[in-house]
Amino acid sequence: MKPLFGTVRLGSEGATPEDKGVAFCRWFDDIVAVEQPYAVCVESSMDPAVMLRVGNGSKGLRLALGLNYLACTYAQMKDITLIRQVNVDDHRRHFLGRARFKGGSDEAKRSCVARCHQLGWKVPDNNAADACAIWDYACAVWAPRTSAQQAIDRMAAGVRF
């Protein structure tokens, strides 16, 4: 099994966080209607003080925290019962073998894209790659039979599917 992935543009350049929130809800509604997921896993938000310190403005901070909140709230509204926040260090450690990189976040994102390509997942950008890493981590934790790593481990051990 492999993830469905892509990148969604939430509004045009200059759209307000509220406009982007509306676009997110519309997209989420469509994806839930088509895919009928039983779980939603999102990357946990960074601490707001850290986000501001590393250069996110208040608008970016509101958007990041708001979309995280909307994803979890909207999933609950759609009767999705398995809703989880996934720590970035946890999904990187699982998917990439380590959580920290000398080149910081940029190197981690490049590594994540490279790992996806290694698995045959032609992700269009690092956002889709991060989503795939979260998907694979969630599979390993809550549905291990679908995890790419489990499949690789089984193949390496000579186990046939």
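Is D90 buried, partly exposed or exposed? D90 is partly exposed, with a relative accessible area of 32%, where buried means under 20%, exposed over 50% and partly exposed in between (1.4 Å probe, protein chains only).

1. Basis of the note. This is a predicted model, in which local features need pLDDT of at least 70 and side-chain atom pairs count only at pLDDT 80 or more, while totals for chains, interfaces and linings use all residues. Residues are numbered from 1 along each chain as its sequence is written, and side-chain values use heavy atoms, with hydrogens and water left out.

2. Helices α4 and α5. The axes of helix α4 (residues 88-96) and helix α5 (residues 104-118) come within 11 Å of each other and cross at roughly 45 degrees; helices (H or I, at least four residues) and strands (E, at least two) are DSSP runs, numbered from the N terminus. This angle makes α4 oblique to α5, given that angles under 35 degrees count as roughly parallel, over 145 as roughly antiparallel, 65 to 115 as roughly perpendicular and the rest as oblique. Axes are lines fitted to C-alpha atoms, for helices over the stretch in contact, and angles run from 0 to 180 degrees between N-to-C directions.

3. Residues between these helices. On the α4 side the contact (heavy atoms within 4.5 Å) is made by R92, F95 and L96, and on the α5 side by S105, A108, S111, C112, R115 and C116.

4. The structure holds seven salt bridges, each being a side-chain nitrogen of Lys or Arg within 4 Å of a carboxyl oxygen of Asp or Glu. One of them joins the side chains of R100 and D89 (2.8 Å, N to O), linking the loop between α4 and α5, where R100 lies, to D89 in helix α4, 11 residues apart. R100 counts as exposed at 60% relative accessibility, whereas D89 counts as buried at 16%. The side chains of R93 and D90 also meet in a salt bridge (3.5 Å, N to O), and, being three residues apart in helix α4, these two are separated by about one helical turn.

5. K109 pairs with D130 in a salt bridge whose closest N and O atoms are 3.1 Å apart. Because K109 lies in helix α5 and D130 in helix α6 (residues 126-142), the pair ties together parts that are 21 residues apart in sequence.

6. Strand β1. C41 lies in strand β1 (residues 39-43) and, at 24% relative accessibility, counts as partly exposed. Leaving aside neighbours within four places in sequence, C41 is in contact with R84, V86, I134, A138 and W142.
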